[in-house]
Amino acid sequence: MRKKLIAANWKMYKTPDQARDFFRDFLPLVKGHDRDEIVVCPTYLCLDDAVAAAKGSNVAIGAQNLHWEKEGAFTGEVNAAMLLAVGVTHVIIGHSERRQYFGETDDTVNLKLKSALEAGLIPIVCVGEVLEEREASLTDDVLRRQCLRAFHKVSAKKAVRLVIAYEPVWAIGTGKTATPQMAVDAHAIIRGEASECFGQEFADKLRILYGGSVKPENAHTLMSEEEIDGALVGGASLDPKSFAAIVKY
Ligand code: PGA
């Protein structure tokens with residue numbers, strides 16, 4: 001049995017004050033909940049407050065991005081060592097918004113993945129097709145390509161803590177959710193690719209989350225699928241009650 005991981009992706013929302021308010025209200029709602037792992041990924045600016053607020057609780061803190069270099073002249077960037085230094089344990093890599101608006105490619109995803117694994121962070125690598133690709137029956141090809149290139153020159157040994165999030169781009173922030181069957185089919189493709197790259201045993205243990213308009217209303221149906229190992233939640237994770245309801249699906 002794979003323990004499910006429910007992760008909040010706050011994107012560019014919340015100031016440090018608002019982050020502290022969230023944890024004040026959220027932590028009591030999920031106190032003692034150990035069926036699933038819980039991760040909250042705020043903006044860089046809120047990481048310090050989030051780590052302090054969540055200290056000693058059952059909630060881990062993740063970042064939404066990282067740079068792959070150890071240090072250097074990369075204005076505006078933050079690397080794995082810096083994230084670890086402030087108490088971050090997880091990092092989202094290759095979110096579709098980063099691919100769409102910030103020029104992130106399969107190659108930068110690969111560099112970021114290698115750097116996160118090397119540093120000991122738990123990477124949550126996002127993959128997923130856009131609507132045109134789904135309509136052209138290219139979903140499987142896109143997922144295989146994204147995985148294959150993300151995993152390039154990564155060893156099974158190094159990748160043991162890898163988490164994948166399947167996020168169909170047409171379902172993100174749109175209120176449209178993939179049907180459980182669509183998610184299950186996509187997860188099977190991703191697991192198959194992981195098996196090709198890292199072996200069956202690795203693939204059997206790999207956690208694959210679903211993301212894209214997960215809400216308290218649909219969380220139970222999605223999370224009841226054995227093949228769905230958790231959720232990456234955007235909009236519905238900003239409110240403590242709503243995110244707690246998803247965690248407790
Ligand atoms: P959403 O975002 O839940 O608002 O659709 C999910 C995500 O982008 O990770």
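Mentor: A residue is near a molecule if one of its heavy atoms lies within 4 Å of it. This is a predicted model, where local features need pLDDT of at least 70, side-chain atom pairs count only at pLDDT 80 or more, and totals for chains, interfaces and linings use all residues. Residues are numbered from 1 along each chain as its sequence is written, and side-chain values use heavy atoms, with hydrogens and water left out.

Trainee: How many residues surround the ligand?

Mentor: Apply the 4 Å cut-off. K11, H95, E167, G173 and S213 are the closest.

Trainee: How many residues of the shell around the ligand are polar?

Mentor: Asp, Glu, Lys and Arg count as charged; Ala, Val, Leu, Ile, Met, Phe, Trp, Tyr, Cys and Pro count as nonpolar; the others, Gly among them, are polar. The shell has 2 charged and 4 nonpolar residues. Its polar residues number 7.

Trainee: What share of the ligand's accessible area does the protein cover?

Mentor: Start with the atoms. An oxygen atom of the ligand lies 2.6 Å from a polar side-chain atom of H95, and a backbone N or O atom of G173 also lies 2.6 Å from a ligand oxygen. On its own, the ligand has 280 Å² of accessible area (Shrake-Rupley method, 1.4 Å probe). The protein covers 97%.

Trainee: Which residue is the bridge partner of V125 in strand 6?

Mentor: Strands here are DSSP runs (E, at least two residues), numbered from the N terminus, and two pair if DSSP finds at least two bridges between them. Strand 5 (residues 122-127) pairs with strand 6 (residues 163-166) in the parallel sense, over 4 bridges. The partner of V125 is I164.

Note on methods. A polar contact is a pair of N or O atoms within 3.5 Å; within protein, one must be able to donate a hydrogen and the other to accept it, and residues adjacent in sequence count only if both atoms are side-chain atoms.
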